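Please look at the structure before reading on.

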Amino acid sequence: MIEKQFYTLLLLFSVLPLLGNAQFRVTENGNPAARIVTSSAQGEEAAAILNRFIGEMAGCRLAVTKVLPADGRINVIILKDDPSIPEDGFRIVSDEHTLTVTGKDKGVIYGVVTLLEDYLGIKYYDAHTYLLEPTGDISLPEGLLVEQVPAFRHRQTQYYGLRHDPLYKTWLRLEEPSEVFAANYWVHTFDRLMPSDVYGEEHPEYYSLINGRRRPGAASQWCLSNPEVLEIAAARIDSLFRAHPERHMISVSQNDGNFTYCKCPECARVDSIEGSPAGSYIHFMNKLAERFPDKQISTLAYLFTMEPPKYVKPLPNVNIMLCSIDAKREVPLGDNESGKQFKDALEGWAAITDNIFVWDYGINFDNYIAPFPNFHVIQPNIQLFKENNTTMHFSQVAGSNGGDFAEMRAYLISKLMWDPYLDQKTVVGEFAELYYGEAAPYILDYLEDIHRQLQAYQVPLWIYDSPVSHKDGMLGPEHRARYNAIFDRAEAAVAADSVRLDRVRKTRLPILFSDLEIMRAEGNFDPQVADSLLTVFETYTSKFGVPTINERSNSPADYCRLFRERYFPSKVPNLAEGAGVYWLCEPSGSYADMAHALTDGIYGGTTFVESWVGWEGKHGSFVVDLGEAKEFSNIQVDCLHQLGAWILLPTGANFLISDDNVDFYHLGRTDVPEDRSPEVKFVPVSFTSPEPVTARYVRVDIEGTEVCPSWHYGVGYPSWFFIDEVVVN
């Protein structure tokens, strides 16, 4: 193996695939045997890519000209545009002296990539990482006839490696929104197009009527029945297209958040007739589309707009960006209730338009570094999209280094977005062999095992999941022990190969993270064992450059620090541990049955699905019975801050004490400042008495925000606050 500064060059000695004996000679004895002819920008980029790899294989470069040579016996590679071919498609034809690659848009580039990959044996399987065979004699088969058209005209992932290696993005045949959407206006654009801080104060009528009030704000939607909104939006869109004449598409789409659409009488009337809030949106987008008949107006079908309208149909140049955000992932879409709702919506949209952009999710936003075994649903879901008029596809996966099988997931999905009917097992096996080497069989055994366990236990898998949710299922102790044993064998198989050993260890991080999370949630763990695991986790996440454990940018280093501070046994006894809890204003829903969670000594994690107790849209109040009168000076409650889940910090808390649980003495109050930061945080809210007090009963009255403020995704709707441990000392 030869290491270079910007990429890893691996040598593979194999026989190149040939079609018959007749060959089109590219190089001979390390010298050029052909020249490249092209006159287009795409052709020049394709020529540069071809020459780069010819140079690395044969040590020479082909001359690039714009004019065909007069001598017809000179070998020529012609790269040219052909507008008759579908977008990004290509055609390759060769005879003894001429090889022609024609395509539309990036088709010529992708045709050259196909030559390099399928006929010259180059395997580019990760950012800056590929495999090729050096040789002075490069030939391509004579009589080639290759025609390919991608399944989707736009293919996009979030793979972190694409940010570091533009050529790898090209090799995977992927695009970025900035390459398609004018001024990169591609999702959640309402507030960019008509900023609430510009229009909101003077014109609240431009924004949603929510629960009886106009609520302008960065997260509010528009009142789509207001004619002035249409004019402002149209003028802004016109200016953006004029500033970016090379772009023909723009997103005019709702701000992030659910339920925040306008419910004024006119908007409500349209939505009632159409049977979906999407009714108002499509009527509005059609009006815009009529003003820009040569452009594409893309809009979201997301959360409250997912269901298609009954009567109005999108105009042909209205693009529907349909999102599967609420669907569970343990089975293919349509095989559980949440997925079926999306599948029905997709089929409904497909019945009224053939211009659909599907945004699908293969990621755990709350825990990037956690097992997410959804490989068995990837291909059937992509096939479902293709068979229902989907022409553009964004698979949101692998956005962060260290995420579960990020590299393999991106490679597989890019292949399937080009051709959804490939043999997935072959693609995964090829990647595993390239990426993991001798460890590949063990990695594939682990993948098969954890997928089998997920299906056996039938525990839902979703995009805000926690390893703790699966501690009695696929991540039960016996299964984690077996997974770890498999990874031990995988590490041993590549112990002498430092590059692949690191890849195995990075792939193992989700199991290590699961061990830590389940240990934390179950409590009563051995601090020495936990400290050892944390040291390994911290060492490897640092070594591999893992930036965050979740969507909210909480770093692995902070996770390890908080674990030691928060979950290791406290040196200061908590007088409330094990105490009884009685509600005065009880928590919401099933949380009312979790009084024990406030005094069980187990602190909650970054995901609200375990250990936390929550109140929605109201204040909270409870009494802790210490069992007998005890002396203390400090009372504290632990609060969760997680804006993405509409969990805001309370505005304050009052702390009271009593000897008889009847008459309470007000000890003090603590106000909590507003926090708009996106990170998940654990925030203590406490009061310390200047002098020790003695009491049996401690009462805490917590004031929630009740309603999400204008800057939040859930503007005008009930907000949550969550607490777990009560500490008295």
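**Exercise 1.** Determine how many residues helix α2 has, how far it reaches, and which of its residues are buried.

Solution. The model is predicted, local features need pLDDT of at least 70, side-chain atom pairs count only at pLDDT 80 or more, and totals for chains, interfaces and linings use all residues. Residues are numbered from 1 along each chain as its sequence is written, and side-chain values use heavy atoms, with hydrogens and water left out. Next comes burial, where buried means under 20% relative accessible area, exposed over 50%, and partly exposed in between, for a 1.4 Å probe and protein chains only. Helix α2 is mostly covered, since twelve of its 13 residues are buried, among them Gly-107, Val-108, Leu-115 and Tyr-119. After α2 comes Gly-121, with a positive phi near 75°.

**Exercise 2.** Describe how helix α14 is placed against helix α13 and against helix α15.

Solution. Two packed helices are described by the angle between their axes and the distance between the axes. Axes here are lines fitted to C-alpha atoms, for helices over the stretch in contact, and angles run from 0 to 180 degrees between N-to-C directions.

Begin with α13 (residues 440-457), whose axis comes within 9 Å of that of α14 and crosses it at roughly 165°. That makes α13 roughly antiparallel to α14, a label for angles over 145 degrees. The crossing of α13 and α14 is left-handed, meaning that the near helix is turned anticlockwise from the far one by less than a right angle. Contact means heavy atoms within 4.5 Å, and the residues of α13 that meet α14 include Tyr-442, Tyr-446 and Tyr-457, while those of α14 include His-479, Arg-482 and Ala-493.

Then take α15 (residues 498-522): the axes of α14 (residues 477-493) and α15 come within 10 Å and cross at roughly 160°. That makes α14 roughly antiparallel to α15, and this crossing is left-handed. The contact is made by residues including Arg-480, Asn-484 and Glu-491 of α14 and Leu-501, Arg-508 and Ile-518 of α15.

**Exercise 3.** Locate Pro-277, Ala-398 and Asn-661, and decide whether each is buried, partly exposed or exposed.

Solution. Pro-277 has its place in the loop between α7 (265-274) and α8 (278-291), and at 14% relative accessibility it counts as buried. Leaving aside its neighbours within four places in sequence, Pro-277 is in contact with Tyr-261, Asp-271, Phe-304 and Thr-305.

For the other two, recall that most residues other than glycine have a negative phi. Ala-398, in the loop between β21 (390-396) and α11, has a positive phi near 55° and, at 9% relative accessibility, counts as buried. Strands such as β21 are DSSP runs of E with at least two residues. Asn-661, in the loop between β25 (652-658) and β26 (665-671), has a positive phi near 65°, and its relative accessible area of 34% leaves it partly exposed.

Terms used: Helix = DSSP H or I, 4+ residues; strand = E, 2+ residues; numbered from the N terminus. Parallel < 35°, antiparallel > 145°, perpendicular 65-115°, else oblique. Expected span 1.5 Å × (residues − 1).
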